[in-house]
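Here are my notes from going through this model. Have the viewer open while you read.

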Amino acid sequence: MNKKLITLLLLCSLIIPVGMTGCLDEDYDEPVQETTEAAEAPTEETAAPTEDGTESTEEETSPTEGETEPTEEETAPTEEGTEPAEPSQEEPEYLYGTGLKVSSGAVDYEHYITEFYTGETYFAFTFEFLGNPLAGGKTEYDEDVEAAFEADWETFAADFILTVDGTEYTSTGVDLSYCDTDGEVFEAGTCCTGVYFPGIDYDNAETITLTVGEDVYTLKDGDQFDYGKLIKSEAYEIALSSGNVDYVLTGMDYYEKCTILWADFDFTESPLANGETDYHNYDQLEEAFDADWEAYTKDFVLTVDGTAYPIDECHGTMCYQEGDSAWIEPGTCSAVVLFPGIDYKNAETITLTAGGEVYTLKEPKDYNGAKPWLFSNCDGVVTEDTPAELKDDFYLYVNKDDHVSLVCTDEDPQHGFVDSVEESQKERFEKMFSNPAPEDHDAKLAYDLYHLATDWDARNAVGVQPLMEKIEAVEAIDSVDALTDYLGTSGENNLWNSFADTDLEDPDNYIIVFYPFNTLISDPAEYANMTPEGEDELGAAQYFAVEMLKKCGFTEDEAWDKVENRMSLETTLAETMLTAEEQEQYEFFQEMGDHVSREELIELSGQLPLLTDLEQTWNFPEFDTYIVVEPEFFEKLNALCTEDNLTLLKDYLIVNLMFDYAEDLDYETVKLYNESFANGMPEDDAAYGQDIVSSNLAWPFEKLYSLTALKQEDKERLTNLTDEIISNYREILNNEDFISEETRSRAIEKLDALGKNILYPDDWSKYNCESLNIRSAEEGGSFFEAEEQILKFNIAQMAEVLRNPMEDPGWDPANGFAPHVENCFYSPGINEIFILGGWTQGVSYYPDMTVEELYATMGYTIGHEISHAFDKEGAMYDKDGNEENWWTDEDLAAFQERNGKLIEYFSTQVEPWADAHLDGEFLAAEACADMGGMKVMLLMASKIPDFDYDLFFRTYASSNMIEYNESIAYWCYTDDKHPFDYLRVNVVLQQFDEFLDFYGITEGDGMYLAPEDRILVW
C-alpha cells in the first residue's frame, strides 16, 4: 500500500481552522485526499519496457514539447547543459515567440519560448528538417539525421551570449533536439532544440539582448513586460461582444506599471472559425481572431476617477485544445489588452468603456448609506466623530472605542475578539511541548514525537542511512520471483495503490479499491503531450530525485539512469491510465473503477501479489468484492514483469522511496523536499513539530492538548450549562403556539436525543493508541523509527476496523471535530453538538466569569448550536440524523412562513453599504440560530434574581466585536453564511422585550423593532 496515502486515509488529521472572520463556523467540508505525486517526464533517450521483455525503438522526447515515447538507447542526461537547475519556488517567467529568426548557415532557427527560472534560463528554437541538406533527403528524423542537426546546433549555439543590463552570460550547454514527424505538437517536420544560460532576474532586468554571431537581438528594453508589483487581481464576469465574437471579461490584473484585461471566448462558437473545431488548425484562424480583437478593443477606455486611459497595446488571443491545459475548457480562448498602470488601491471609481457601453469595475462603497446601522465592522468606517448612542446602535455604543483605536493592515487585516482566543491558544500550544513529559501513554506519544521531529542534530546524525537500507533491499532483487516476494512482504509496495473506503453501493460496509501507481507527472496525459505545466513538474521532480539519489551514494550518472528508467516505465503505462480531465468526470473515486469478484481479482493479479500484500503482510480481511480502477494498467504491468524489465521495475521502486521517506530524514533532505514540492519549511521548529504531531498522531495530539490546556472542572461546568440550556429549550418548544402537539412531540424527541460533545471526549478509549509504542530520544529512538511504527500502527488499525466496523464515534480531527479547534459545531447527520476546547479560551470563557458573562458568551454559543437543530436546514433531519420530514404539512408551512419573514428582513431591510443587498436565504440558518441562542439565555436569565442585564448585554456585544479590512468585509458579504457581527448583535437584541424594556428603547429609536415586524423563528 502507498505509504503516504494510507497514512492520510487512516488517522492523520487535516484540521479546519476558524473561518477568516472568526465567526462560529458550523459549515465544513471533508478534505479531498491527494493521490498522486508531482513530477517529471523523460528528457533523454531511455529504455522502454516491453511486454515481451525487449526494448522498443521510438522517437525521443524533448523537455519542452512533444510525446514521451522512449528510444532504444539508454542515455542518462549527463551531458553539459542538460541537467535542470534547482527550480524557483515561483512560476517561471515566459518569453513566448518573439519572431526572432537566426541562421547557422545550414539551418534556419526560429525562437519558440524562453523560460526564466531563478537558477536557469532556457531558450527553445524550432527548425524545419524536411528538405534541409543536412537531412540528406530523408523524411524520418532518424539517428543519423539527428546527429547532423545536433552537431550544427551545438556548434552554432555554443557562442550565443545573453546580456542582461550590461552583464554577459555565456551558454552553459545545449539541449538535444526533438522532432515532430506526426504533426501532433508542431507541424509535421518541425523540430525543437534549446540552449541554456544561467538564471537571471527577468522581472527586474531593464535590458536583455541575445548576441548571435555579429547580430544583437533585443528581447527586453526598459519597461517592456516590466509590470512592477501586482497590486490587485479582480475577477469579473461581464459579457462583451464585437459582433463576430462573444467575449467575457473575466479579470483585471492591476500592476504598478500596467493594467491587464483578460477576456475569454469560445472560438468554436464564432463564425470566424468557419466550423473549425481543431485547435491544431488554429494557426490559420488566429489572424482573423486577432484582427477582430484588435479592431474591437482599439477604442476601449479605462476611466479612473474621471481620468481616461486608452489602451497601451493589444496582445492578441491564445487558444486551448484538449490536452493543452488541465484547468481550461477545450475550445476556450483568452484575449489580452494592456492599459497603463493605475492606483487601484486608492481609486474610487473605475469603469471600462467598450463598444460604446460603460461597465463599472469599481465604485466607492457608500458606508454612510448603510441601513439601518453603520457597517462598524469595516476598518475605517468608525471615527472619533461617529455618533454612538445606546438606543440607536447598541453594537457601536459598546465597541466604539475599540474600533477607533484599531487599524487594519495588509499584514494584520483583522482584529477583535478572535485575537484573544488565538493568542491564548498559541500559549497553550507552547506549553504542550515545553512542560515535562506527561505520564499518560497517548499524550506522551505526541510529546515524544514532537521532540524527535524537532531534534535536528539527532536527525542529521542519522542522515539518510535508514533510506539506504531500504534501497539495498530493492537492489538485492535478482529475479521476478524475488520481486514478487518483495512486493508481497516488504510493506514497501508502490507498483500499485490500494486503500479501504466506505462502499458507495453498501454504505454500511467497506471495500478495497486498487488503482495505478503514482506518476511523477500528475496528469498521465502529459506523457503523450507535454505542456509548460508538465514541464514545471518535470523540472522539480528531476532535480529532487537526482539530488536525493546522490545523497544516497549514487553517482550523478547512476541517479539519472534510475530517474529515466522510472519515467520509461511510467510512459509505457500512462496510456492505460485516466487523464486528469477524465478523472474530473467522476464525482467519487470509486466511480472510476469496476467491481470485481475475489476470483476475478486473483486472475487479474497474475504475478502481482495484490492480496498477499494486504492479507498476509497487513492482516486485512478477505472481501467478496473489490474495485479496480483501470484494469488495463494491471494487465499491462503484469505483462511487463519480466527478467528483461527487472531493472526498470527496481528503479521505479528506488526512486519512489526517495519521495516516500524524504520528510522523515535529516534537515537538508526535508528542506529539499519542502522547497521542491511545498511552500518551504515552516517559520520555526515549534510550528514544524506541531504540524508533524497533529498530522501523524491526531488523537495523541488531542489528548496532550486536553491534558495541558483544558480542565475537568471546566468540562463539568459547561456540560451542566448545556444540560440546563437543553432543559430551557424544551420549555421554549413547549410554549411555541405555531406547531401542533404532533410536531412538538417530534421536536422534543429530537432535542432529548441531542448528543453533547463538550471540550474533549468523555471516553478516550475509542481513540486510544495503547498498542503503539515509540522510543523517545532518551530511550535511543529516532524520528525515522517512530514514523515507521506509526505507519504500521495506522494500517493495523484500519485492518481492525475492516474486521470489526465500529460505530461513528462523532469526534473526528480530519473534519475539524477535535478538542483543540477554535470553533463549535452542530452536525445534523448525527444530531450532535460540539463545543470544542479551542473555543473556550480568551474572552469566550474563563473560569471566574460571572454568570452574566458566562451566559453572554458560552451560554449563547451553546444555545446557538442547539438552535441549528431547528433552523431551516437542521429541521429537515430527524433525531437520528436522517434527512426526513418529521413535520405535519400545516406546521411545516407555518415554519417556512416564519423563515420567509426572516429572509425578507435581511434581504430588504439591511444594507452594510448603499445598495449592498444581503442574501437573506443564505444567512437564514445562522440568523435563526443566533436568535435562538439569545432567546434561551434570556429565559434562563429571567429565573435568576437580580440578574445584571446591563453586564449581560454589554458582554454579548463586546464578545462579538471584530474589525477587518475591506477585502475580508467583501468576502463576508459574498461567502459567509453568518450575518456581519454588528448585525449579530443589533438584529438579535432588537427582537426581545427584555432588551428594549431594560434600556427604555421605544418607537423612533434606531434599536426599536415593532412586535409585528420581528423575525424570531422560534
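1. Ground rules. This is a predicted model, where local features need pLDDT of at least 70, side-chain atom pairs count only at pLDDT 80 or more, and totals for chains, interfaces and linings use all residues. Residues are numbered from 1 along each chain as its sequence is written, and side-chain values use heavy atoms, with hydrogens and water left out.

2. The disulfide. How many disulfides does a search of the whole structure find? It finds one, taking a disulfide as a pair of cysteine sulfur atoms within 2.5 Å. The partners are Cys179 and Cys191, with sulfur atoms 1.9 Å apart. Cys179 sits in strand β7 and Cys191 in strand β8, 12 residues apart; strands here are DSSP runs of E, at least two residues, and helices are runs of H or I, at least four, numbered from the N terminus. The S-S torsion is about -40°, so the disulfide is left-handed.

3. Burial of the cysteines. Cys179 is buried at 4% relative accessible area, and Cys191 is buried at 0%. (Buried means under 20%, exposed over 50%, partly exposed in between, with a 1.4 Å probe and protein chains only.)

4. Aromatic rings. Phe125 and Phe160 have ring centres 6.3 Å apart and planes at 70°, so they pair edge-to-face. (Rings of Phe, Tyr and Trp, the last by its six-membered ring, pair if their centres lie within 6.5 Å; planes under 30 degrees apart are stacked, over 60 edge-to-face, the rest tilted.) Phe125 is in strand β4 and Phe160 in the loop between α2 and β5, so the pair ties together parts 35 residues apart in sequence. Phe125 is buried at 0%, and Phe160 at 1%.

5. Within helix α2. Trp153 and Phe156 are three residues apart there, about one turn. Their rings are also edge-to-face, at 6.2 Å and 65°. Both rings belong to a cluster linked by ring pairs, whose members include Tyr109, Tyr141 and Phe197.

6. Charges over rings. The charged end of Arg566 sits over the Tyr652 ring, 4.0 Å from its centre, while Lys750 lies over the face of Phe870 at 5.7 Å. (The test: NZ of Lys or CZ of Arg within 6 Å of the ring centre and within 35 degrees of the ring normal.)

7. An open sheet. Its four strands run in the order β15-β14-β18-β19, with antiparallel pairing (at least two DSSP bridges between two strands). β15 and β19 are the edges, each with a single partner strand, so one side of each lacks a neighbour in the sheet. Four bridges join β14 to β18, and Thr303 has Thr351 as its bridge partner.
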